[in-house]
Amino acid sequence: MGKKELTSLFSSDPDRYYKVPLFDKVGFNRQACTRCGKFFWSIVNKESCPDHESYGFINDPPTSKRLDYVHAWKEIEAYFRSKNHAIISRYPVVCRWRDDLYFTIASIVNFQRVMGGKVVFELPANPLVVPQMCLRFNDVENVGLSGRHYSSFCMVGQTCNADLPGGYWKDKCVDIDYEMLTKVLGIRPEEITFVEDVWMGAGAFGNSLEYFVRGLELGNAVFTEFEGDENNFHIMKNKIIDMGAGLERLSWITMGTPTSYECSFGTVIEALTNMTGTFNHPEVIGKYFEIMSGKIGEDYVMLNSSSGMRNINTVRSLIAKNMGMSEDVLARIISPYEAIYTVADHTRTLLFAIADGSLPSNVGGGYNLRIILRRSLSLLERMGWNDVKLGTITDLHIDYLRQMYPELEEHRDDIKTILEIESERYVGSRERMSALATYISGARKKLTIDDLIKMYESDGVTPEYLLESGAIQSIPPNFYTKLAELHSEQAARQSQKPILGLEGLPATRLLYYEDETNHEFEATVLKVIDNKFVVLDQTAFYPRGGGQEPDKGKLNSLEVVEVSKHGDVVLHELRNTTNNLNEGNIINGKVDAQRRNSITKHHTSTHILNSAARNNLGPWVWQNSAYKDEDYGRLDITHHSALTKEEIERIEKSANEIITQNLPVSINVYSRGEAEQKYTFRIYQGGAAPSNNIRIVNIEGWDIEACGGTHVRRTGELGLVKITKSERIQDGVVRLEFVAAKSALNYLQGLENSLNTIAQSLGTSKEKVVESILKRNEVTDLSKKKIKAILRKVSPLIAKSVSLEAKITPGGNTKIYSIYDDQLDDEYHISVGEKAVEHDKSLIYIAVFTRGEGISVIVFAGDNASKLIKAGTVAKEISIRLGGSGGGSERFGQGGGSIKYKEKINDALLSVEELVVRHCKE
Ligand SMILES: [Zn+2]
Ligand SMILES: [Zn+2]
C-alpha cells in the first residue's frame, strides 16, 4: 500500500478523517498548498503549507512563556495530569522487549510487542503520557552542525487506546493538544497550522495531524484506526492514538535561541564554552545558526536528505556569501561551537544508553554508541581540548536532567567507568587502525565491501576512520545494510527448519511444566513421521530451547535422541527407525532423570551466576546467551573487558553464598504487562518474550527472569558452583564456563588427581607441591647460571673449532658453518656464533633448532662475509623455506618456521648453502 493512495483516500473525505469540532469552533479553514498540494488547516489564509516556511521564531519566540527543557516538561506533565492522564516513567532506551530493535526509537515503541509478526499494544495505563528518551542514529552526520538534529531526544508521548476505559478519539485529542499549545506554551491560535498526513505501519494505518508553528513541527498525532490495505480494510478493535512531540522543539519555540541545543542541554553548553574558552564573535554565531538552524528555501530539503555533510557545506557556503565572509574564516569561528554541540549531544546519548545497560562495542547497537563516543573523543582532540573529559560533561548532564530523570543519578559512577575504559581503548585502537590505513593506502588495493566488513568485524576498523584517513574514497552506501543483513542471516540460520507433517496437530500437553520431578508418563501416539519422529498428546521430555539441551530417554524400549518444539507441538526423534509405533498406541515414556537433573542444575546456576556477575561487575551485565548441558554450563555476559582472577573469584563467591542460603526458586505465570510492570525489563535476559503470558522464575531476593527452562526448587540443591574458565569471546562479551553439583565434584576430583600425579613425579605430597616446585625452580635457575658461566669460558674454544669445521666456498672467499641440533638453544648459538664470526671474518654461522611448535633460525656473518651476503638475508631465506619469516642486519639475522616443516630442515640448509655459494661467486 502506498502513501499516495492512502493520502487520496483520506483527503477525499476530510470531514470524516480530519475535521474536528475545534476547527469550526475556533475558525480553522481547510486550505491546499499552492506549492505541494498538501491540505492544511489554519485560521489565517496562507499560500503554502509550513513545509515551505522559514523558522520565524528564532530570536522572536511567539510564546508568552520562556521554558527551558526541564521546565517545559514540568509544565506539560502538570497539564496532562490535570487532564486525567497517567504520567509514566520513561522506558529504557535499550529496547529489550522487541528483538527487532536495538534502541527505543519512538515513544509508541514502549507499548508495542511483536507476536507472530504482528504488533500488539501493551499500555500500562489509559490514557498516558511518557517523557520518552529515543535514540536514532540515522542523521548522526548532521548532529551539532544543523542546530536541530539529535542522536537522542525526548519524545513526549501521549498514548491512548480509544476503545478501553479512559480512552478518547481524535476530537478530544486535538482539543487537549490545542490547549497545551495555547495555554501551556502561550501560543496564539493564529500561529498554529494543522497539516493533514497519513501513517502506516505493520498491517495497520490511519490519518494524522501535524502541528506546526512558524515553520517548526511541534507534534504529530497519529490516529491508527484501520487494519489491512487500502483496498481491503476494517476498523481495528483497539484504535490507538499516538501523539509524539519533541520536547527539544517545544522548549525551543518558547526560547527562540539560535540553535535548539542551547535550550535543550541546560547548563551544559555554557559550561563547555567556559571550559574551552570559546567566546569569539557572538554576533557571527547568532546570525550563522539562525540561518543554519532555519530553512533557507530549497536548501532545507537538501539539508534534510540523507546525504548529510555535503549539503551542510552547501548551506554553509551560501551563508558565508550572505554574511560577506570567506568560508574559511566562517568555519574557524563556528567549528568550536559545532564541536561543543556535537559532544554535548553524544555524551547525553551515551549517558542514557549506558545507564540503561548498553555498552559501546563492535556489534549490534553497541556499534552506534562506539561511533559517537569516538567521534566525540576525536573532536575534543582536534580542537585541542585535552582537559575536557567526557565524564565531566556527563556529570553536567546528570546535574541538569536529574530533576526529570532521577534514576540517572544512581548510574553516575558506572557511566564514567565505561567512558574511561572506552577512552583508553580508543587510543590503542586508533594506533592499530592508523597502521592498517597506512598499509591499505600503500597497497593501492581497492577494497570490496566484503573486505570492509571483515576489517570491521575482526579488527573494529570503522569505514569512517578509513575514509577520514584517506585509505578509502567513500563508504559503500550499502555497507550498514549489508552488515545488518549478515547478522539477520546468522539469526535466521540459528532458527529451526520447519518439519513437514506437523500441520493440524493439537498442542502437546507439557508435563514438564506441571511437575518437573515427574520423569515417567503414559501418552498416546498422535503421529509418526518417517518411522523416526514421534508426536504424542503429552510429554515429560523437555525439548531443546532457550540454550537448554533436550532430554533423552525412552519411549517404550525405543531410544529418544533429540526433542524439539515446533510451534506448540513437541517432536521426539528416535535413534533408529521403527515399525513398532503407530498412531493411537499408548506408550510409556521415561526421561533420563539423571541427565535432566544435571541440566536443570546447570540451568539454575546460569540465573545465579548472571546476577552474581551483575552485582560484582556493573549494571551493563546482561545475559548475552547461555548453554546448559549435562556435564557443564556456559553463560555469556555483556561486559567491557576480560575478567580478572579476583573478579571471577568474587562472582564465584557470591554465587555460592546464594546456594548456601538455600533460597526458594518460585515459578509463576503473569500476563506480560503485569510482569513488566512488577519486575521491569530485567526479566528479558534471554531476549523478548513472544507471548501474552510470561513464566517468571524468581530466585527470591536475588534474580528474576522470564524463562521457560527447568529449575531446582531451592538453591541449596546445587551444592556448589565452580567457574572453570572465563574468556573474552568477542568485543563486549565475556564467557563463563562452569560446573555445578555432581559435575563440580567430578571437576575438583579431576584436579586433585592431576595434583597427585605432579606430587608423585616430584617425590612429594600434594600438600607440599608448591613448596617443592619453587625449590626445584631455584635449583634450575642455579644450573642455568652455571651453564652460562661455563659457556662463556668455552665458547672461544668452540668458536675456533667451528672455523676449522666450516666448508670453504668454491671461490675461497667465504666459509659456511651450519648446524641443526635440537639439544642446543639460542643461548648457545648466540654465544658461540658471535665469537666464531669475530674469530673468522669470512665465516657465515647458521644454526637451526626446534622448540615447541616452532623452528628457530639464527645466523651470524663475519665482517668480510657480510659484504657478500647479509646475515638477515640468509635467515630470511631459510625461514621462508620452513614456512615462516625472518630478517635482520648484515651481521646478525634471525627467523623461524613451523614445526610442520621439521622434515625439510636439512633440505632448507642445503639449498641456502647453495644460494650463499652462488652469491659469493659473483
Ligand atoms: Zn506545501
Ligand atoms: Zn531459567
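**Notebook: strands, zinc sites, helices and cores**

I began at the hairpin of strand 13 and strand 14, where 3 residues sit between the strands and Asp530 takes a positive phi near 55°. I am working on a predicted model.

**Entry 1. Around strand 14**

I looked up the pairing next. Strand 13 (residues 520–529) runs antiparallel to strand 14, with 4 bridges between them. I picked out Ile529 and found its bridge partner in strand 14, Phe533.

Strand 14 also pairs with strand 18 (residues 569–574), in the antiparallel sense, over 2 bridges. I checked Phe533 here too: its bridge partner in strand 18 is Glu573.

Then I went through the side chains of strand 14 (residues 533–536). Phe533 and Val535 point one way, Val534 and Leu536 the other. I noted all of them as buried.

**Entry 2. Zinc ion (ligand 1)**

Which protein atoms hold the zinc ion (ligand 1)? I found Cys33 (SG), Cys36 (SG), Cys49 (SG) and His52 (NE2) as donors, 2.1 to 2.3 Å from the ion. The spacing of these donor residues in sequence is C-x2-C-x12-C-x2-H.

I looked at where two of them sit. Cys36 is in the loop between strand 1 (29–32) and strand 2 (39–42), and His52 is in the loop between strand 2 and helix 4 (69–82), so this pair ties together parts 16 residues apart in sequence.

I then checked the geometry. The 4 donor atoms subtend angles of 98 to 118° around the zinc ion (ligand 1), and the arrangement is therefore tetrahedral. For reference, ideal tetrahedral angles at a metal are 109.5 degrees.

Cys36 has 39% relative accessibility and counts as partly exposed. His52, at 28%, also counts as partly exposed.

**Entry 3. Zinc ion (ligand 2)**

I moved to the other site. His603 (NE2), His607 (NE2), Cys707 (SG) and His711 (NE2) coordinate the zinc ion (ligand 2), at 2.0 to 2.2 Å. The sequence spacing of the donor residues is H-x3-H-x99-C-x3-H.

The angles subtended by the 4 donor atoms at the zinc ion (ligand 2) are 100 to 127°, which makes this arrangement tetrahedral.

How are His603 and His607 placed in helix 20? They are 4 residues apart, so about one helical turn separates them. An α-helix has 3.6 residues a turn, so residues three or four places apart point the same way. I found His603 buried, at 1% relative accessibility. His607 is buried as well, with a relative accessible area of 1%.

**Entry 4. Helix 23**

Helix 20 came up again when I looked at helix 23. The buried residues of helix 23 pack against helix 20 (593–617), strand 26 (733–740) and helix 24 (769–805). I listed those buried in helix 23: Ala741, Ser743, Ala744, Ala759 and Leu762.

I tested the length. Helix 23 (residues 741–762) has 22 residues, and at 1.5 Å a residue it should span 32 Å. Its end C-alpha atoms are 32 Å apart, so the two agree. After helix 23 comes Gly763, with a positive phi near 70°.

**Entry 5. Nonpolar cores**

Which residues touch the most other members of the largest nonpolar core? I found Phe23, Ile76, Phe194 and Leu247, out of 172 residues. Helix 12 (residues 327–355) gives this core its largest share, 15 residues.

Setting aside residues up to four places away in sequence, Phe23 touches Tyr18, Phe28, Trp41, Val174, Phe194 and Leu209. Another core lies apart from the largest one; it has 22 residues, including Ile816, Val848, Ala871 and Ala908.

I traced an open sheet of 6 strands, ordered 27-28-29-30-32-31, with mixed pairing. Strand 27 (807–808) and strand 31 (885–888) are at the edges with a single partner strand each, so each has one side without a neighbour in the sheet.

Strand 31 pairs with strand 32 (residues 892–898) in the antiparallel sense, over 4 bridges. I noted that Gly887 has Gln894 as its bridge partner in strand 32.

**Entry 6. Cys920**

At 4% relative accessibility, Cys920 counts as buried. I found contacts with Asn813, Thr814 and Leu868, leaving aside neighbours within four places in sequence. Gly812 is 108 residues from Cys920 along the chain, with 8.9 Å between their C-alpha atoms.

Terms used. Residues numbered from 1 in each chain as written. Chains lettered and ligands numbered in written order. Predicted model: local features only at pLDDT ≥ 70, side-chain atom pairs only at ≥ 80, totals over all residues. Heavy atoms only, no water. Buried < 20%, exposed > 50% of the residue type's maximum accessible area, 1.4 Å probe, protein only. Pairing = 2+ DSSP bridges. Donors = N, O, S within 2.8 Å, 3.2 Å for Na, K, Ca; no water. Tetrahedral: all angles 85-135°; square planar, octahedral: opposite > 155°, others 65-115°. Expected span 1.5 Å × (residues − 1). Contact = heavy atoms within 4.5 Å. Core = buried A, V, L, I, M, F, W, Y, C linked by side-chain atoms within 4.5 Å.
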